Amino acid sequence: MRRPHCPLLLALLLLLSCPRADGSALRGQIIGGHEAEPHSHPYMAYLKLERSACGGFLVASDWVMTAAHCLSGNITVVLGAHEIFQPEQSQQVRGVLRYHPHPAYNPKTFANDIMLLKLTAKAKLNKYVRTIALPKTSSYLLTGTSCTIAGWGLIDEDEIADRLFETKVSIYSRRKCILFYPHLDDGMVCAGSFHELKDSSQGDSGGPLVCNKVAQGIVSFGYNNPPGVYARIANYLHWIKKIMRT
């Protein structure tokens with residue numbers, strides 16, 4: 001799930017990084033995570049890029065949200081997957097009709113790292129494929145709020161984990177997060193764990209930070225250790241509504 005990083009091996013489910021903005025090699029694993037119960041995150045989308053992959057999530061039957069840095073040529077969207085490289089009957093494959101990266105996205109700082117994808121056809125909603133709610137207000141999350149992240153990626157540099165993994169993280173205070181990321185702005189939120197190596201990793205880019213069944217963030221970037229930085233969806237509600245009306 002995530003972030004542009006230069007490789008660095010820590011342990012077991014750990015593939016780390018240093019920031020890189022070219023959007024390539026966005027593959028990895030949930031650090032400190034475990035395999036999710038199949039189809040327990042029915043909003044998850046797997047995005048096949050030209051040379052890598054990203055995560056995303058279904059916010060309407062014909063709209064997927066992801067990170068702007070995942071834009072890389074034509075994207076194919078796979079919904080309803082657990083074992084992503086198996087021909088599961090639950091899977092639905094869609095193309096992308098229109099790409100809407102945020103117009104103020106900055107690939108150097110990852111500011112405004114949010115993108116909407118208009119699908120070529122509506123998803124068929126069922127127990128395997130569902131939308132997830134977005135925030136109703138622009139309020140900030142309380143420090144310590146428990147959230148979940150999920151994604152597909154690499155176990156190590158050579159082995160692909162084709163099943164969906166997940167882990168729990170907590171929201172960091174903005175005061176503490178700024179110590180790690182001085183350029184933190186209103187469109188960003190931090191989450192991770194102070195005591196354990198739990199975080200999103202490279203292939204999880206674009207996946208959702210889900211808190212109380214609401215998508216509150218989009219996996220964006222980070223350094224070698226937690227916390228990770230997520231695009232704060234609540235900051236973009238006006239833009240999201242405007243784009244989804246088109």
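**Chatting through a predicted model**

Q: Is K118 buried or exposed?
A: K118 counts as buried, because its relative accessibility is 14%. Buried means under 20% relative accessible area, exposed means over 50%, and partly exposed is in between (1.4 Å probe, protein chains only).

Q: What kind of model is this?
A: This is a predicted model, where local features need pLDDT of at least 70 and side-chain atom pairs count only at pLDDT 80 or more, while totals for chains, interfaces and linings use all residues. Residues are numbered from 1 along each chain as its sequence is written, and side-chain values use heavy atoms, with hydrogens and water left out.

Q: OK, back to K118. Which residue forms a salt bridge with K118?
A: That's D62, and the closest N and O atoms are 2.6 Å apart. D62 sits in the loop between β3 (53–60) and β4 (63–66) and K118 in strand β8, so the pair ties together parts that are 56 residues apart in sequence. A salt bridge here is a side-chain nitrogen of Lys or Arg within 4 Å of a carboxyl oxygen of Asp or Glu. Strands (E, at least two residues) and helices (H or I, at least four) are DSSP runs, numbered from the N terminus.

Q: And D62, buried or exposed?
A: D62 counts as buried, because its relative accessibility is 12%.

Q: How many salt bridges are in the whole structure?
A: A search finds 3. One of them joins E35 and R163, with the closest N and O atoms 2.9 Å apart. E35 is in strand β1 (residues 34–35) and R163 in strand β10 (residues 160–171), so this pair ties together parts that are 128 residues apart in sequence.

Q: What else does R163 meet in a salt bridge?
A: The side chain of D162, at 3.9 Å from N to O. Through shared partners, salt bridges join E35, D162 and R163 into one network.

Q: How accessible is R163?
A: R163 is partly exposed, because its relative accessible area is 29%. E35 also counts as partly exposed, at 32% relative accessibility, while D162 is buried, with a relative accessible area of 17%.

Q: Switching topic: which way do the residues of strand β12 point?
A: P208 and V210 point one way from β12 (residues 208–211), L209 and C211 point the other way, and all are buried.

Q: Which strand do bridges join to β12?
A: Strand β13 (residues 214–222) runs antiparallel to β12, and 4 bridges join them. Strands pair if DSSP finds at least two bridges between them. The bridge partner of V210 in β13 is A215.

Q: What about the hairpin between β12 and β13?
A: There are 2 residues between the strands, and N212 takes a positive phi near 55°. K213, found in the loop between β12 and β13, has a positive phi of about 65° although it is not a glycine.

Q: Is N212 buried or exposed?
A: N212 counts as exposed, because its relative accessibility is 65%. K213 counts as exposed too, at 73%.

Q: Last one: which residues form the positive surface patch?
A: K136, K241, K242 and R245. Patches are made of residues with over 30% relative accessible area and no salt bridge, with like charges joined within 9 Å and nonpolar side chains (Val, Leu, Ile, Met, Phe, Trp, Tyr) within 5 Å. K136 lies in the loop between β8 (115–119) and β9 (146–154), and it counts as exposed at 79% relative accessibility.

Terms used: Areas by Shrake-Rupley, 256 points an atom, 1.4 Å probe, with all protein chains shown as cover. Lys, Arg positive; Asp, Glu negative; His and termini not counted. Charge placed at Lys NZ, Arg CZ, Asp CG, Glu CD.
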